[in-house]
Amino acid sequence: MVAGDIVLTGLMAVLLVGVAALLTRVENWRSYTPLAGGGAVTGDETAVINREKPAGIIRWLTTVDHKDIGLLYGVYAVIAFAVGGIMAMLIRLQLVTPAGAILGNNAYNSILTSHGITMLFLFGTPIIAAFANYFIPLLIGADDMAFPRINAIAFWILPPAALLIWAGFFLAPVTENMIEPARTAWTMYTPLSVEQQNPGVDLMLLGLHLSGIGATMGAINFIATIFTERDGEVNWANLDIFSWTILTQSALILFAFPLLGSAIVMLLLDRNLSTTFFAVEGGGPLLWQHLFWFFGHPEVYILVLPPMGLVSLILPKFSGRKLFGFKFVVYSTLAIGVLSFGVWAHHMFSTGMDPRLRASFMAVSLAIAIPSAVKTFNWITTMWNGRLRLTTPMLFCIGFVSNFIIGGVTGVFLASIPVDMILHDTYYVVGHFHYIVMGAIGFAAFAGIYYWFPVFTGRMYQRTLGKAHFWFSMVGTNITFFAMLALGYLGMPRRYATYQFDGAIAPLTQVATFHQLATVGALILFIGQLFFVWNIVQSWLEGPKVEDGDPWNLEDDGMLDREFQWFEEQLEADSPEKDPSLLADGGQEEQDDS
Amino acid sequence: MAEEPGLSDQYPTASPWPLFVALGLALSEIGVFVGLFPVAVFGLILFGGSIAGILTESGYVERPWPTLLGVGVVLIVIAAAFALWQVPVTDIALSNVGTGPLFTRLVAVAAAGAVMIAMGGVASVMEQTAA
């Protein structure tokens with residue numbers, strides 16, 4: 001123990017000295033001027049900028065430019081999506097046979113837990129932050145985020161958070177299984193999560209806590225940016241729909257994530273310092289579920305509102321029509337934001353809580369279907385009689401609407417107490433929420449990536465590969481998750497590593513068949529994502545350069561938004577011969593003497 | 001595309017501090033919660049130092065040292081308050097470091113605070129005498 005402490009002390013000392021050495025070097029460039037934030041400027045605002053950014057890896061480690069940070073978020077989210085996706089494939093392969101094909105029960109539980117947390121916290125939230133960071137300032141005509149440094153801090157908290165959440169997987173082999181991956185499920189229900197002695201659970205909780213701090217910092221930044229950094233021409237009446245959804249989402253984060261953080265600290269204290277927040281003699285185990293879902297349900301809308309904004313932004317562009325009922329789409333966004341805090345106990349209908357409370361939560365849960373349907377009808381009406389252009393981003397938007405309808409309608413059934421009592425612990429719930437998180441949120445993320453690909457890479461993706469990606473994703477998603485809905489009706493309980501149960505509980509043959517179907521669907525989905533990765537990487541490196549600032553021909557319909565106008569300016573700035581007025585001060589066009 | 005032709009040209013586009021604020025926060029949390037004494041102390045020092053650095057860089061304060069000193073004082077006050085509230089007075093002794101789960105963690109926080117006060121204090125004095 002003493003030797004370990006000495007080694008750790010040495011390591012930490014070396015780290016600190018390294019940081020100090022690096023800082024003294026870095027501080028020498030002084031290429032930046034102090035930020036004029038808070039009105040407390042002590043530096044010389046007119047100081048000449050020697051260089052815009054350092055080169056190489058240092059640029060990415062030190063950047064506070066919203067576009068760079070957006071790209072960092074994007075790369076991070078795609079890597080997390082790959083990790084979470086491989087975990088999902090392991091789960092699906094395991095369930096091909098009733099006895100379980102490849103994993104032990106403990107490994108299955110670990111992977112199930114990490115798959116959920118990875119997809120929600122390390123892919124979902126960051127991919128939205130990626131779009132928001134890159135495009136919100138461009139869409140509202142801001143120079144940058146309101147707090148560029150806090151923006152960078154919010155991102156850099158995430159890599160340590162991911163390492164902590166996955167820590168058990170790395171540490172189990174080197175610590176002889178003293179520290180194992182958490183097996184608490186992403187919901188971390190007490191008393192299970194308090195009683196698991198494994199320190200990997202503490203590390204996972206710390207990672208989640210850190211990711212929550214990052215999300216909160218980001219949310220504060222977006223609220224400040226959208227309120228205070230808008231261009232003079234952008235007002236509340238003409239603010240774009242994506243910014244509206246990010247604003248609402250940020251407000252939800254502001255109320256939800258600090259609560260998760262506090263609940264996690266309470267859980268950590270229960271685990272390590274013998275407090276009794278969630279013990280029977282203290283607050284009781286059900287307190288955790290209330291606190292967790294008071295965060296957890298708004299989290300669903302934190303994840304789905306911005307993708308809805310993306311679809312509301314992109315879908316009209318390829319329908320040749322403005323978004324139908326723009327105002328009502330905004331109102332429904334706000335309504336969902338408010339209602340989302342009043343539905344949390346619909347996750348707890350089967351816990352034995354007071355039936356009168358249950359009924360009120362059922363009512364609010366059913367009510368939230370109304371603003372959701374308003375959006376859906378508005379998307380459909382936007383396309384109605386429109387001049388549809390089935391580009392890859394448009395296909396993903398239509399896929400979003402289709403999957404969202406199935407995910408949403410199954411959700412309405414689950415909001416009903418008697419139905420939920422039967423289906424709650426079955427695969428029906430898994431199918432329902434995967435239609436939303438993969439079929440809707442994932443699809444909208446892909447739509448955003450393809451739609452803005454020319455802006456953030458300066459190149460065009462390969463259209464055929466894009467379409468292959470869509471069709472494999474659409475078919476794979478629907479086979480996988482529809483099979484899960486059927487499994488739920490058959491009575492297959494969720495979270496199980498194996499299903500060799502008595503035939504009286506569920507018809508085993510059919511259950512096995514639907515599990516195999518789901519796995520086939522997952523394989524199709526997986527192949528689709530290979531197209532995606534190949535397309536993005538190759539096109540980014542070698543794709544044809546975009547010459548036109550309006551690659552989607554939006555100007556004809558009068559729908560060229562600010563971000564593409566900005567892109568046009570970039571292209572022109574790159575080639576000053578097109579517009580001599582863009583030459584640097586004192587610059588002259590070369591005279592042709594011949 | 002040009003390296004950075006955007007509107008943000010006129011604004012700072014690089015800062016070394018955010019990375020270290022985040023790293024410091026992560027190490028502090030791991031150190032304090034998991035109970036790894038050296039990680040807690042060094043993590044908190046990195047966190048406090050980076051806060052002082054980033055505030056100075058962005059122009060909220062003129063010099064980093066008083067901030068470092070201030071963060072140190074805050075940590076010691078927090079540690080002392082928790083100790084008085086949760087640890088029996090008779091147990092508060094150096095010889096007990098490493099025994100109680102809470103007490104050892106509080107000592108780590110206080111130690112980091114003390115180091116920051118020392119660093120901030122010495123640097124302030126050196127800066128004044130040099131000037």
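## A helix pair in chain A

In this predicted model, Ala369(A), Ser372(A), Thr376(A), Trp379(A), Ile380(A) and Met383(A) of α14(A) meet Met394(A), Ile398(A), Phe400(A), Val401(A), Phe404(A), Ile405(A) and Val412(A) of α15(A). Sorted by class, that contact between α14(A) and α15(A) has 11 nonpolar residues, 2 polar ones and no charged ones.

How do the two helices lie? Two packed helices are described by the angle between their axes and the distance between the axes. Here, the axes of helix α14 (residues 369-383) and helix α15 (residues 392-415), in chain A, cross at roughly 150° and come within 11 Å. Because angles over 145 degrees count as roughly antiparallel, α14(A) is roughly antiparallel to α15(A). The crossing of α14(A) and α15(A) is left-handed.

## A residue in α19

Ser539(A) sits in helix α19 (residues 508-542) of chain A. Is Ser539(A) buried or exposed? Its relative accessibility is 0%, so Ser539(A) counts as buried. Beyond its neighbours within four places in sequence, Ser539(A) is in contact with Phe453(A), Arg459(A), Met460(A), Tyr461(A), Gln462(A) and Trp534(A).

## Chain B as a whole

Chain B has 4 helices and 0 strands, in the order α-α-α-α along the sequence. Its radius of gyration is well over what the globule rule gives for 131 residues, so chain B is more spread out than a compact globule.

| Chain B property | Value |
|---|---|
| Radius of gyration | 18 Å |
| Span of the C-alpha trace along its principal axes | about 65 × 40 × 20 Å |

Buried residues make up 47% of the 131 residues in chain B. Of the chain B contacts between residues at least 6 apart in sequence, 62% join residues at least 24 apart.

Notes: Residues are numbered from 1 along each chain as its sequence is written. Chains are lettered from A and ligands numbered from 1 in the order in which they are written. This is a predicted model: local features need pLDDT of at least 70, side-chain atom pairs count only at pLDDT 80 or more; totals for chains, interfaces and linings use all residues. Side-chain values use heavy atoms; hydrogens and water are left out. Axes are lines fitted to C-alpha atoms, for helices over the stretch in contact, and angles run from 0 to 180 degrees between N-to-C directions. Helices (H or I, at least four residues) and strands (E, at least two) are DSSP runs, numbered from the N terminus. Angles under 35 degrees count as roughly parallel, over 145 as roughly antiparallel, 65 to 115 as roughly perpendicular and the rest as oblique. A crossing is left-handed if the near helix is turned anticlockwise from the far one by less than a right angle, and right-handed if clockwise. Contact means heavy atoms within 4.5 Å. Ala, Val, Leu, Ile, Met, Phe, Trp, Tyr, Cys and Pro count as nonpolar, Asp, Glu, Lys and Arg as charged, and the others, Gly among them, as polar. Buried means under 20% relative accessible area, exposed over 50%, partly exposed in between (1.4 Å probe, protein chains only). The radius of gyration is taken over C-alpha atoms; the globule rule is 2.2 Å times the number of residues to the power 0.38.
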